[in-house]
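Have a look at the sequence and the model first, then read on.

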Amino acid sequence: MPRTTTRIPAAPPAGRPAAARSPMAPPRSFVWSRRIFLTLLTGFVLLPVYVMLSSSLKPLQDVSGEFRWLPSGLTVRPYIDIWSTVPLARYFVNSLIVAGAATVLSVVIAIFAAYGVSRYRFRGKRLFTVTVLSTQMFPGILFLLPLFLIYVNIGNATGIALFGSRAGLILTYLTFSLPFSIWMLIGYFESVPRDLDEAATVDGCGPLGALFRVVVPAAVPGIVAVAVYAFMTAWGEVLFASVMTNDTTRTLAVGLKGYATQNDVYWNQVMAASLVVSVPVVAGFLLLQRYLVAGLTAGAVK
Amino acid sequence: MTVTAQPAVGGEAPPGAPGSVPRRRTGRVRRNVLPYLLLLPALLLELLVHLVPMVIGIVMSFKELTQFYIRDWGAAPWAAFDNYSLSVDLDAPVGEALLHSFFVTCAFTVLSVGLCWLIGTTAAVYMQENFRGRGFLRAVFLVPYALPVYAAVITWAFMFQRDNGLVNHVLHDQLGLTDGPSFWLIGDNSFVALLVVSVWKGWPFAFLIVMAGLQNIPRELYEAASIDGAGLFQQLRRITLPSLRPVNQVLVLVLFLWTFNDFNTPYVLFGQAAPEAADLISIHIYQSSFVTWNFGTGSAMSVLLLLFLLVVTGVYLVLTSRGRRTADA
């Protein structure tokens with residue numbers, strides 16, 4: 001975390017002489033209101049996290065009866081039972097494959113598209129960006145059923161199984177993150193000076209050589225940010241996962257309901273499973289969040 | 001400007017080389033084709049997953065598409081505008097329910113977007129200056145954004161349980177604010193529950209974007225203002241908020257579209273059938289199509305929803321962009 005703290009102060013250190021600092025030192029009332037606000041907000045944010053963590057270590061009677069702030073006894077049983085109550089490991093692998101593949105493909109495709117838009121002038125450029133961005137506003141429910149029919153028909157016509165398969169889900173999810181990724185990378189690529197790739201082209205690189213040797217390395221924070229976004233989108237999606245998967249391809253988004261829809265809800269197991277499926281994304285996100293902020297600052301928020 | 005400034009693509013045709021006329025032509029052709037090639041994968045996928053299905057969805061909305069025709073939907077009889085008139089007929093139960101769901105969604109969206117923006121902006125402004133523990137707090141605040149929707153919402157569903165949830169335990173057992181344990185996930189309270197979860201989940205995104213936007217405000221503005229004797233509130237009103245305008249324009253729109261179309265939160269919180277008080281439009285349409293197996297009507301409702309969002313987005317962009325131009329002038 002120290003890296004983030006040093007990175008974020010937007011002030012160029014030199015442009016802030018000590019003399020100018022003191023009149024800007026915030027008054028006490030400001031410091032106190034900030035303390036109160038941020039404390040309350042932290043409580044609100046962390047409350048569910050605490051419930052998730054503490055309940056996942058409670059014996060079943062603690063989560064079936066009246067809520068207790070502190071467990072009557074600590075147990076790791078829920079963490080052992082979650083794997084046998086539902087086939088959680090299989091869901092986990094499915095989610096990893098689907099989200100991982102969707103992320104890689106989405107990032108690569110977005111890099112090409114953003115490079116095309118930011119470096120070339122061509123007919124239909126504006127139409128392309130507007131169309132791609134406007135797909136963001138489509139209600140998922142509008143194209144859920146048609147997409148399902150298309151996948152089934154492609155399957156019948158060509159034998160490529162898209163419906164119920166991981167491939168179909170990968171294809172769907174990668175287009176979900178694509179518009180935002182392209183938009184953010186366009187902004188990011190624009191901030192990489194053109195002289196750099198022109199110099200590379202003079203040195204004998206083709207346009208793709210310039211892209212991969214000059215532009216992409218200069219835009220790593222933006223690309224990492226886009227990858228984090230794409231992974232989270234695919235890892236968390238519920239609607240399409242619930243319609244487009246079957247028993248073998250089910251992802252965590254749907255699989256987690258396995259604990260909750262039975263007559264007797266094992267809340268301690270639900271919480272343990274929620275925690276287990278959250279750890280990879282939350283840890284990854286927190287590690288990479290400074291890229292996301294840097295990427296947003298340089299790219300999207302201009 | 002880009003095209004003229006680019007040297008010969010590929011660099012394999014040095015200017016003035018023998019036979020440069022035809023080679024330059026191929027260079028130009030490649031140069032013109034290359035951007036399209038770069039965009040092709042993105043375009044094809046968007047066509048496959050978004051645009052073509054949308055067109056099919058529009059066609060379906062004019063058909064009488066019930067479960068009998070699902071295998072061969074092309075054979076379903078044409079229904080002209082029947083699905084639409086059914087959806088907007090306010091005297092019939094279907095239209096009435098849709099209108100109710102629409103109003104619920106509007107109220108929910110306005111409250112949720114407003115609160116998300118307010119909390120996110122306040123937190124970002126408070127955290128603009130460095131202080132001890134700021135980096136840690138920022139990481140904590142981003143946790144709700146990073147958590148997968150279903151994991152976070154299931155936890156909230158547990159907290160809102162009537163008999164073994166935290167919310168009733170605090171409100172009833174510990175503070176004695178309610179006469180008895182209340183139901184949160186059915187009945188009128190469900191609207192509040194949904195709103196709380198939605199704000200908890202949504203505000204960090206506003207925080208993230210505003211925080212990024214704040215970093216593009218030149219430091220010197222604040223220094224000049226404080227030398228001129230402007231207080232913190234003045235600085236907020238005269239510098240911070242105006243500088244955030246372009247960021248806010250996009251942020252509010254994105255929050256609006258996400259919240260209005262939100263399916264995941266109510267679906268995980270309530271299961272397939274949302275209580276009437278929290279019957280968001282996406283859930284409502286999902287139920288109208290998949291639970292009652294009437295896909296034609298469901299599609300018509302989706303098209304109406306899309307039209308509404310298009311109009312709102314268009315009007316919003318025209319209004320906010322005009323305001324921006326006047327402000328700049």
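This is a predicted model: local features need pLDDT of at least 70, side-chain atom pairs count only at pLDDT 80 or more; totals for chains, interfaces and linings use all residues.

Residues are numbered from 1 along each chain as its sequence is written, with chains lettered from A and ligands numbered from 1 in the order in which they are written.

Here are the two chains side by side. Helices (H or I, at least four residues) and strands (E, at least two) are DSSP runs, numbered from the N terminus. A residue is buried if 20 or more other C-beta atoms lie within 10 Å of its own, exposed if 12 or fewer, and partly exposed in between, with C-beta atoms placed from the backbone.

| Chain | Secondary structure | Buried |
|---|---|---|
| Chain A | 16 helices, 0 strands | 46% of 302 residues |
| Chain B | 14 helices, 0 strands | 39% of 329 residues |

Two residues are in contact if their C-beta atoms, placed from the backbone, lie within 7 Å. Taking contacts with a separation of 6 or more, residues 24 or more positions apart account for 75% in chain A and for 61% in chain B.

How do the chains meet? Across the interface, 92 residues of chain B are in contact with 93 residues of chain A. Helix α2 (residues 20–60) of chain B gives the most to chain B's side, with 19 residues. That side holds 61 nonpolar, 23 polar and 8 charged residues; here Ala, Val, Leu, Ile, Met, Phe, Trp, Tyr, Cys and Pro count as nonpolar, Asp, Glu, Lys and Arg as charged, and the others, Gly among them, as polar.

Chain A splits into domain 1 (21–79) and domain 2 (82–300), bounds that come from an automatic or database domain assignment. The C-alpha centres of these two domains of chain A are 31 Å apart. Where they touch, 9 residues of domain 1 of chain A are in contact with 9 residues of domain 2 of chain A. On the domain 1 side, the largest share, 3 residues, comes from α3(A).

Now for some helix pairs. Axes are lines fitted to C-alpha atoms, for helices over the stretch in contact, and angles run from 0 to 180 degrees between N-to-C directions. Between the chains, the axes of α3(A) and α4(B) come within 11 Å and cross at roughly 130°. α3(A) and α4(B) are therefore oblique to each other (angles under 35 degrees count as roughly parallel, over 145 as roughly antiparallel, 65 to 115 as roughly perpendicular and the rest as oblique). A:R34, A:F37, A:L38 and A:L41 of α3(A) make this contact with B:I119, B:T122, B:A123 and B:Y126 of α4(B). By class, that gives 6 nonpolar, 1 polar and 1 charged residues.

Within chain B, helix α4 (residues 93–126) also pairs with helix α11 (residues 232–260): their axes come within 10 Å and cross at roughly 140°. The residues of this contact divide into 9 nonpolar, 5 polar and no charged.

Lastly, is A:A157 buried or exposed? A:A157 sits in helix α8 (residues 140–158) of chain A, and A:A157 is exposed because 8 other C-beta atoms lie within 10 Å.
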